[in-house]
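Dear colleague,

I am passing on the structure we spoke about, with some notes on what came out of going through it. Please read them with the model open beside you.

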Amino acid sequence: MPMNRPVATALAAALCLLTAACGSSSDGKAGDATAEAAASKTGYPVTLDNCGQKETFDKAPGRVVVMNGASVAEVSTLLALGLGDRIVANQQTYGNSEVPGRAEAIEKLPDGGVKQNDAFDVPRETMIGLRPDLVLSTTAYGFDEKNGFATRDQLKDVGAHSYVSPQGCDQDTSKMTIADSYRLLRDMGKVFNVRDKAEELIAASEKKIAAVADKVKGEKKPRVMVLFSNMSMGGNDFSSVVAKGIYNDILAEAGGANAFENASEGSFADLSKEKVAATDVDALVVIGYNDPDPAAYAEKLLKESPQWPAARNSTYVTLSDSMYLGPSNDLAVEKIAKMLHPDAL
């Protein structure tokens with residue numbers, strides 16, 4: 001008497017478990033190969049080890065919230081990968097960009113009607129109400145409960161993935177390099193299954209930076225002051241002066257050196273007017289964060305510091321998003337190199 005289909009299926013499954021003869025060898029290699037083949041075909045599942053927390057994606061996120069973090073790294077990366085339509089609430093903006101149309105594209109993104117809390121980002125209840133399936137934060141600060149934000153565990157409880165950008169796990173970005181911008185691109189390429197696009201962007205950036213670095217190789221490295229315009233982060237006159245981080249990597253590729261690299265162990269130095277005045281500065285890089293006229297700030301600073309070599313020739317360049325973590329560091333390298341070594345380029 002023939003067995004009915006459910007019984008036959010159950011028996012076959014039991015035999016497979018006992019003999020490992022149905023698509024899986026005794027050591028699991030065939031099963032692993034099958035899983036890998038499926039992942040290769042669909043791009044999923046994807047697992048990222050992010051700040052010690054594993055995030056496994058079975059499909060591309062469709063409701064992304066980009067937290068503020070005083071950055072545009074995450075939103076710019078998504079836009080560069082053609083993923084702007086996945087964003088349901090963006091809190092990031094620099095107000096301008098070295099990439100034509102980027103600032104305007106960011107401005108057009110939905111903000112989710114978010115009213116930021118006292119920590120200048122998305123409050124916990126608002127975040128949960130946005131129903132995200134992925135939340136991006138520049139550092140772990142964005143998931144700190146004491147700041148009124150949803151934690152990564154709380155987001156997981158409502159089915160949302162979370163991601164902290166490279167070097168942001170301990171909220172210390174002083175070790176950040178251009179390679180971290182590439183890692184952010186690669187991670188998002190995996191998460192959204194646009195790996196080829198991510199690798200294309202990385203390869204183009206690497207090629208451009210290498211070409212610039214080759215042209216300025218062997219040139220004297222001018223001493224550069226990098227700071228944010230009209231921004232106060234400490235108690236002294238100059239509290240937004242860059243000391244360490246991705247900025248120095250960009251300067252090095254462009255053939256320059258940070259005049260204040262040793263002024264602090266962290267990313268920024270909080271300096272007195274006297275300390276700044278006593279340091280030789282050959283050139284200025286002024287980063288405009290929602291500042292409509294960073295050039296005016298640069299010119300004012302040079303006028304107030306006539307003793308600087310930079311003041312004699314009005315040697316400065318203004319930048320915005322390309323000088324920070326993100327997909328456009330090659331533009332900063334090129335612009336700074338042209339300022340520092342115009343004859344070489």
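Which residues of H7 are buried? Bear in mind that this is a predicted model. The buried residues of H7 are Ile178, Asp180, Ser181, Tyr182, Leu184, Leu185, Asp187, Met188, Gly189 and Val191, so that 10 of the 14 residues of this helix are buried and H7 is mostly covered. The helix runs over residues 178-191 and reaches 20 Å from its first C-alpha to its last, close to the 20 Å expected at 1.5 Å a residue. Just after H7, asparagine 193 takes a positive phi of about 55 degrees.

Next, the sheet. Four strands form an open sheet with parallel pairing, and their order is S4-S3-S5-S6. Strand S4 (87-90) and strand S6 (161-164) stand at the edges with a single partner strand each, so one side of each is left without a neighbour in the sheet. On average, and with direction ignored, neighbouring strands of this sheet are turned by 15 degrees against each other. Strand S3 (residues 64-66) is joined to S4 by three bridges, the two running parallel, and valine 65 stands opposite alanine 89 in S4.

Two helices that pack on this sheet deserve a look. Helix H3 (residues 73-80) touches S3, S4 and strand S5 (134-137), and its direction makes about 135 degrees with that of S3. H7, for its part, touches S5 and S6, with its direction at about 165 degrees to that of S6.

If residues up to four places away in sequence are not counted, methionine 323 touches Val226, Ile246, Tyr247, Ile250, Leu251, Val285, Ile287, Ala332 and Ile336.

Finally, is arginine 102 buried or exposed? Arginine 102, which is found in helix H4 (residues 102-108), has a relative accessible area of 11% and is therefore buried, the cut-off for buried being under 20%. Leaving aside neighbours within four places in sequence, arginine 102 is in contact with Ser76, Leu79, Ala80, Ser97, Asp321, Pro327 and Ser328.

With best wishes

Methods
Residues numbered from 1 in each chain as written. Predicted model: local features only at pLDDT ≥ 70, side-chain atom pairs only at ≥ 80, totals over all residues. Heavy atoms only, no water. Expected span 1.5 Å × (residues − 1). Buried < 20%, exposed > 50% of the residue type's maximum accessible area, 1.4 Å probe, protein only. Pairing = 2+ DSSP bridges. Axes fitted to C-alpha atoms, helices over the stretch in contact; angles between N-to-C directions. Contact = heavy atoms within 4.5 Å.
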